[in-house]
Amino acid sequence: MLLARILDDKLASLYRGGKIHGGVFLGRGQEALSVSIGLSLRKQDIFAPLIRDAAGRLAFGETVLDAVRTYMGSPLGPMRARDGNVHRGKPREGLFVMISHLGAMISMVNGALLAHRFKGITGTVGVASLGEGGTSTGAFHEALNQAAVERLPLVLVVANNEYAYSTPTSRQFACRDLVDKAIGYGIKGHDVEGNDLDACLRLLQDAVDRARNGQGPQLVVARLLRLCGHGEHDMADYVDPRLKSATHGRDCLKVAEEQILQQGWTDRSCLETWRNEAIHKVEEAVAIVQREPAPDPYRENWCALASKHLSEGFSGTGA
Amino acid sequence: MSITYLEAIREAQAKALADDPRVYIYGQDVGAFGGAFKATKNLAQEFPGRVIDAPISEDAIVGSAVGAAIEGMRPIIEMQFADFSTTGFNQIVNQAATLFWRTNVPCPITIRLPSGGTSGTGPFHSQSLEAIYAHYPGLVVMTPATVEDAYSMLLEAVVIDDPVIFCEHKLLYYHLKAEKLPTEALPTGKARIARPGRDMTLVAYSAMVHEALAVAEELALEGSEVEVVDLRSIKPLDTDTVMASVARTGRLLCVGESWPWGGVTAEVIARVSSEGFGLLDVPPQRLNAKDTPVPYHPSLWAAHRPTARSIAAAARKLLRM
């Protein structure tokens, strides 16, 4: 989560320096929850991250280089400059690539898990990330119900970070608690303080284990606060200042450092070493990508089909 | 022995299931019930665990197919009616259609859309949506008009490494018959000269091919030879075959059952006009359904869509130009 924070900070500064095309979306305040997802998963599992999941992606196996290449539009990145920023992944390695339409990734994870069932692959789990805003979509409902009907090993992690862009939870849902939605789908619900690394690690491992052991879909709802704008273009002046001083408004990275020191896992100098290593790793990746060529529109094949022989290549300019 | 268009679709799915363990069928009522139109009759019994009833969730049905395709499966999705595919529209056009281009991972899914009007089915069980799907990059759109094509193109759809929108016309399900299933077929992307003629080119697809053939028959009695081109797939669109036909006849009428704004007929005419303007002796014409929702009552419905009668009138006018 430290590496994710440092990567995010670097991306934000590159954005402010005009080095990134399009938006930059940070996971600040959500790293404890996100990293817990990545750490609870194994190879062959499926992870469909969302925009604030840099930590989870890295823990699941994404490289810093892939992240930077996608943000900076390098044709050498996994998206080959065709898509950018948070729209990145390697589907064949279980890291699904989010589209912008919220809730749409959940049923995709369901389908991957169904495929595992067809192929006789057992013991795999799929996690989809969502924010509280995404729970208002029809796609969320359809997919969670589908997973429940098929009793799929799906873990849906909802980060309730108080705001969907600028919209507060009071304009998003009217239920007492989002975790209560689990009852309606006939699945197990869990809630957790999303800025408490220790609690998140334990809870995610428990939810993932339950799914892996055949107990069906699990809904995890984490309470936390987004400690940044929706994107770096957003000043987020709509955030209620009282939330920032609330327990769940504490920075998860500081909470994690306190926990680590208190439990004697390591000392301050070691934390400082980790930080320096992370900074070095990120700077090194940025330096590599800045030397890479931009995509060449004349070498792009402009073909949306895998079956090239069925591509028309027609753009209305005549024969 | 004879086989209907619907039976051909059922047989193609049975063959696909038998040939390839990666194929499964998912949709509403497709399991033990055999589908609303019986296109999956007995398949759940013949292929246990591979023909699965879905909840009424078109978005999740398509989304899950994309996820399964990434993991190496080849799902066939039955939308109960083409009209309901709009509830799964986002997953079709934004998820399935963009997957390969974004990630280099193919998305071999087949989405069957029982399409087109039948008498008495009204605005929400009668739509022809091929044009709206053809508009999006990353999709193949098939519109078979014959029993043979229904069979062979559905089999090809399952093999193609891209999402295929398979528009099967409900009006052809029970009445259209062939002696036997084909053993060979034209490849997807090739149109077919359904009837040769030298006086005008009548381009059609799906159920309209049969209206067009009836018109050709009728006009032959009046001494005019109408060449009928069956597009077979509208994306890719076989512009070459259309253009070659227009080069022979100099006259073009294009007919479609979907709505008039944009769409297949407009696309065909735009291409012929821009690439083959000099081949045309007279301005090209098109005929579509009226620009309203599809009406319920049989007399309104019959007047809403192009029929042999209205096509013949348009053809006679074109021949007199």
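How many helices and strands does chain B have? Select chain B and color by secondary structure: there are 11 helices and 14 strands to find. Keep in mind as you go that this is a predicted model.

**Stop 1: chain B as a whole**

Along the principal axes, its C-alpha atoms fill a box of roughly 60 × 40 × 40 Å. Its radius of gyration is 19 Å, which agrees with the value near 20 Å that a compact globule of 321 residues would have. Of those 321 residues, 58% count as buried. Now look at which parts of the chain meet: among contacts between residues at least 6 apart in sequence, 78% join residues at least 24 apart.

**Stop 2: where chain A meets chain B**

Next, show both chains. Here 34 residues of chain A are in contact with 37 residues of chain B. On the chain A side, select 104-119, which is helix H5, and 138-150, which is helix H6; these are the elements that give two or more residues to the side touching chain B. H5(A) provides the largest share, 11 residues. Color this side of chain A by class and you will find 19 nonpolar, 10 polar and 5 charged residues.

**Stop 3: the H5(A) and H6(A) pair**

Hide everything but these two helices. H5(A) and H6(A) pack at an angle of about 20°, with their axes 7 Å apart. Because angles under 35 degrees count as roughly parallel, that is the description for H5(A) and H6(A). The crossing of H5(A) past H6(A) is left-handed.

Finally, show side chains. Residues of H5(A) including A:Ile106, A:Asn110 and A:Leu114 meet residues of H6(A), among them A:Phe140, A:Leu144 and A:Glu150. By class, this helix contact has 8 nonpolar, 3 polar and 2 charged residues.

Terms used
Residues are numbered from 1 along each chain as its sequence is written. Chains are lettered from A and ligands numbered from 1 in the order in which they are written. This is a predicted model: local features need pLDDT of at least 70, side-chain atom pairs count only at pLDDT 80 or more; totals for chains, interfaces and linings use all residues. Two residues are in contact if their C-beta atoms, placed from the backbone, lie within 7 Å. Helices (H or I, at least four residues) and strands (E, at least two) are DSSP runs, numbered from the N terminus. Ala, Val, Leu, Ile, Met, Phe, Trp, Tyr, Cys and Pro count as nonpolar, Asp, Glu, Lys and Arg as charged, and the others, Gly among them, as polar. The radius of gyration is taken over C-alpha atoms; the globule rule is 2.2 Å times the number of residues to the power 0.38. A residue is buried if 20 or more other C-beta atoms lie within 10 Å of its own, exposed if 12 or fewer, and partly exposed in between; C-beta atoms are placed from the backbone. Axes are lines fitted to C-alpha atoms, for helices over the stretch in contact, and angles run from 0 to 180 degrees between N-to-C directions. Angles under 35 degrees count as roughly parallel, over 145 as roughly antiparallel, 65 to 115 as roughly perpendicular and the rest as oblique. A crossing is left-handed if the near helix is turned anticlockwise from the far one by less than a right angle, and right-handed if clockwise.
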